[in-house]
Amino acid sequence: MRFQTNVLLLLTAMGMFSGALSKHNVSASEQVAHNPNIIIFFADDLGYGELGCQGNPEIPTPHIDALAAHGMRCTSGYVTGPNCSPSRAGLLTGRTPTRFGYEFNPTGARNEEPGIGLPSEEVTIAEVLQNAGYTTGLIGKWHQGGSAAYHPCRHGFDEFFGFTHEGHYFVPPPYNGVTTLLRRKTLPNAAHGIWKGQHGLFYHDKLNTNEPDYDANNPIIRGGQPVVENDYLTDALTREAVSFIQRHDDKPFFLYLAYNAVHSPLQAANAYMEKFAHIEDIHRRIFAAMLANLDDSVGTVMQQIRKSRLENNTLIFFLSDNGGPTTELTSSNLPLRGQKGQMYEGGLRVPFIVQWKGRIPSAAAYHFPVSSMDVFATACAVTDAHKPEQVEGVNLLPFLTGNEQGRPHETLFWRQGGKTALRHDDWKLVRMGSKRKQSIAEWELYDLSQDISETTNLAKSHPDRLAALTDLWKTMDDEMSPPLF
């Protein structure tokens, strides 16, 4: 009798212990259901007007367009800088980068200098998600410091495959399998415009500069070690992204897929060049081929998401780091004014798509201003991650679903030396001074609700509005930090 009683007590205790375990230890599938995967497709130098879903009929982009068809296109999507590095700093930290001195865009050898990079005290989206149990991966371009102290794995990424500087050749010399168009100060045989070689290597002098030495001391890296990459770089990054998803589809993951397409150098795989043989301008044809390759890569990654049965539990962002450099790439920012490096809309407003099937309305558009800083805040809101107090971004989901009717942002601020801008409601304040120093350039004022192309400067006709906005700009400017480098 005593033996039977002891067995019953033991079984009861085991049942209670098992019940306690079931409350605290959830299965992998249950964990994923409450912690959506997060993917950021980050294009490089993609103009506002280049996608099919943005109104461009010339270059088909069906896979990126499909993200918009199954999600929401934010027509007033902004980044935190008009060029690569400060824009990425804002995305990764959820902050206006000028607040912590990340104001300028390091290039070339400056990427490897001490003190140039994302400060270690800045908390990244990768760190926060990693601390919430996510596996984190960066594939592609880093451009947040090229020395050891700024390595992506020291900023919260479990895995890294890519490069650390501002650019990289898609295929190195001898440029096999691609058509290459490089910048040169002086063309062969005293030619001008575009010099067309017979072996797939062309030059142009439109910018009166030589192509930057992108690959100097800037190898492709896996983890912390350089590797030899034989595939066209866009395809290689796609291959690595598919592998990352395959290896981590049993757990919550964060994938920051930072393509360097369509950034220079202009190099297109010959198979894609054939698809655009009807475009006579070789400059534009190479760009079209690069963009089509990027679009197919997005499609390949999404195919793996569907294969892993993660489509309904993956929050996806697609955006560019800044506006397109029109002269350099032929990229279009229409109907916006300006381009990369400028504080007009064409430098700061980018294609911006958010998809989460079943959670965000499909084939819809959202017109109030949103910011790349909001990616961080939104990711924290849909996961168990703790959002740091300094994050300026907001959770976009209530706005995109219609549960919140106000504006996500009343005011946005940008500054790079004498170039600066502020958007408050629908009014835009712009000053295009010198690159590095504060200058006495005149303020410009635009009403974006009536003039998205910033064609009519209202500074003289609306002096009271100009005064109010410059006062607001001064208040915000005083909150910013001096440049770190």
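**Exercise 1.** Determine how the residues lining the largest cavity divide into nonpolar, polar and charged classes.

*Solution.* The model is predicted; local features need pLDDT of at least 70 and side-chain atom pairs count only at pLDDT 80 or more, whereas totals for chains, interfaces and linings use all residues. Residues are numbered from 1 along each chain as its sequence is written, and side-chain values use heavy atoms, without hydrogens and water.

Step 1. A cavity is a set of points on a 1 Å grid over the protein atoms alone where a 1.4 Å probe fits but cannot get out, and a lining residue has an atom within 4 Å of a point. One cavity of 30 Å³ or more is counted.

Step 2. The largest cavity holds about 40 Å³, the volume being the space filled by probe spheres set on the points, which are joined across faces, edges and corners.

Step 3. Its lining includes Thr80, Pro97, Tyr102, Met343 and Arg415. The classes come to six nonpolar, four polar and two charged residues, with Gly counted as polar and Pro and Tyr as nonpolar.

Step 4. Strand E18 (residues 411-416) supplies the largest share of this lining, three residues; strands are DSSP runs of at least two residues, helices of at least four.

Note on methods
1 Å grid on protein atoms, 1.4 Å probe; cavity = no way out; pocket = protein on both sides within 12 Å on 5 of 7 lines; lining within 4 Å.
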